[in-house]
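This report describes selected parts of one protein model. The sequence and structure are shown first.

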Amino acid sequence: MMPNRLPIIVLAGSDSRPGAAPDGMDPDEMLAGPKGTIPLQNGRCMAAELVHRIRASECFSEPLLLGPKQWYADKVDCEITHVEGSLIDTLRLLARIISERFAGDDPVAITACDILPSVADFQRLLENDYAPHAESVFWWQMVESQPEDMGASSWKPTYHMPLQQGDSPRTLYPGHVVIVRPSALRFQLINRLLELAYKYRNRPLNKRHIGITLGAIRALITQDLMNLREFQLPVLTFVLPYVGLRDFFKYRNGTATLRDHEYFLAKTFLHRRFHHVANNRPFVIAATTLRSFAKDIDTKAELEEVESTLCVSE
């Protein structure tokens, strides 16, 4: 059964710097500037095309876009909340918007402005992949695909692991839609960790892990100091690095599962009182075969591929 229409927030910030070019790729192949404003051959910019598809799917209520108003006001016909600056500026505004505008226990969807799933893909994702886990407090997806089936996105980093113990390993790409219940989230810690993940997103796993780990330890110390003020034991700085390193080495040894990552992320992202809700699976990473949710448009080749599938608007 299709869940009730969800509020959805589209992140379309103003970070004008391209990400680090992956190994073997020329930096000139990467898209620069605000990708959401890139015009498409059908007459819409990328963010406007995404908003159009979100509406047409009938899975969501009216979209809210976070980004610079001066860039989007004449290009996107939905509500815009102004934000400029780095990714962390957008994430801070996102945290404030969610906490102020949406009921704490009701789910809210969040997506990036640089994916363009079809209307049918949005419907399948909600009906087939989200609905069975609609009681979770943090839902995300990994996309199962072989690189040769990813077209211009075949270069993107992959993860190889089984879903749970006893399964065969699968090749997985991170998806770009999350659905959260705001009251469950440690917003400040999440923002910092997402900023680190974004900073190191296109680097090899070994280099990525070192930078993220050092930054994460500093973030955990800050969170524990906040917990002390709430009379909670400051255990994050000690427990999460242990769980994270265990998860990392299990992945390196080929023994980690997607369920292991769910456990680590639940311990990291969620307030303690939510760790055992939803049948002890509060954080769900669903495996889907909908490749469009892993195809964020980072390169000129990916943009050309998307353009080839568009129809000129009337």
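This is a predicted model: local features need pLDDT of at least 70, side-chain atom pairs count only at pLDDT 80 or more; totals for chains, interfaces and linings use all residues.

## Nonpolar cores

The largest nonpolar core holds 45 residues, of which Phe60, Leu65, Val76, Leu126, Ile179 and Phe293 touch the most other members. Two or more residues each are given to this core by β1 (8-11), α1 (46-57), α4, β5, β8 (177-180), β9 (283-288) and α10 (300-307). Helix α1 supplies the largest share, six residues. Another core, of 37 residues, lies apart from this one, and Leu64, Ala95, Ala184 and Phe269 are among its members.

Phe60 is counted as buried because its relative accessibility is 3%, and buried here means under 20%.

## Aromatic pairs

Six aromatic pairs are found in a search of the whole structure. One of them joins Phe60 and Phe122 in an edge-to-face arrangement, with 5.8 Å from centre to centre and 85 degrees between the planes. Phe60 is in the loop between α1 and β2 (64-67), whereas Phe122 is in helix α4, so this pair ties together parts that are 62 residues apart in sequence. Phe122 is buried, with a relative accessible area of 0%. Ring pairs also bring in Phe293, so that Phe60, Phe122 and Phe293 are linked into a cluster.

Tyr130 and Trp139 form another pair: their ring centres are 5.4 Å apart and their planes stand at 75 degrees, so the pair is edge-to-face. The cut-off behind that label is an angle over 60 degrees. Tyr130 counts as buried at 2% relative accessibility, and Trp139 is buried with a relative accessible area of 0%.

## Helix α8 and Glu262

Helix α8 has 12 residues and reaches 16 Å from its first C-alpha to its last, close to the 16 Å expected at 1.5 Å a residue. Its buried residues are Leu258, Asp260, His261, Glu262, Leu265, Ala266, Thr268 and Phe269. In general, an α-helix has 3.6 residues a turn, so residues three or four places apart point the same way. Phe269 is also a member of the core of 37 residues.

Glu262 lies in this helix, which runs over residues 258-269. With 4% relative accessibility, Glu262 counts as buried. Its side chain makes a polar contact of 2.8 Å with the side chain of Arg281. Beyond its neighbours within four places in sequence, Glu262 is in contact with Arg281, Phe283, Val284 and Ile285.

## His133 and its contacts

His133 belongs to the loop between α4 (119-130) and β5 (138-144). At 24% relative accessibility, this residue counts as partly exposed. Which residues does His133 contact, leaving aside its neighbours within four places in sequence? They are Trp139, Arg281 and Val284.

Trp139 is the residue whose ring pairs with that of Tyr130. Arg281 and Val284 are both in contact with Glu262 as well. Along the chain, His133 and Val284 are 151 residues apart, but their C-alpha atoms are separated by 7.3 Å.

Note on methods
Residues are numbered from 1 along each chain as its sequence is written. Side-chain values use heavy atoms; hydrogens and water are left out. Helices (H or I, at least four residues) and strands (E, at least two) are DSSP runs, numbered from the N terminus. Buried means under 20% relative accessible area, exposed over 50%, partly exposed in between (1.4 Å probe, protein chains only). Contact means heavy atoms within 4.5 Å. A polar contact is a pair of N or O atoms within 3.5 Å; within protein, one must be able to donate a hydrogen and the other to accept it, and residues adjacent in sequence count only if both atoms are side-chain atoms. A nonpolar core is a set of buried Ala, Val, Leu, Ile, Met, Phe, Trp, Tyr and Cys residues joined through side-chain atoms within 4.5 Å. The expected span of a helix is 1.5 Å times one less than its number of residues. Rings of Phe, Tyr and Trp (its six-membered ring) pair if their centres lie within 6.5 Å; planes under 30 degrees apart count as stacked, over 60 as edge-to-face and the rest as tilted.
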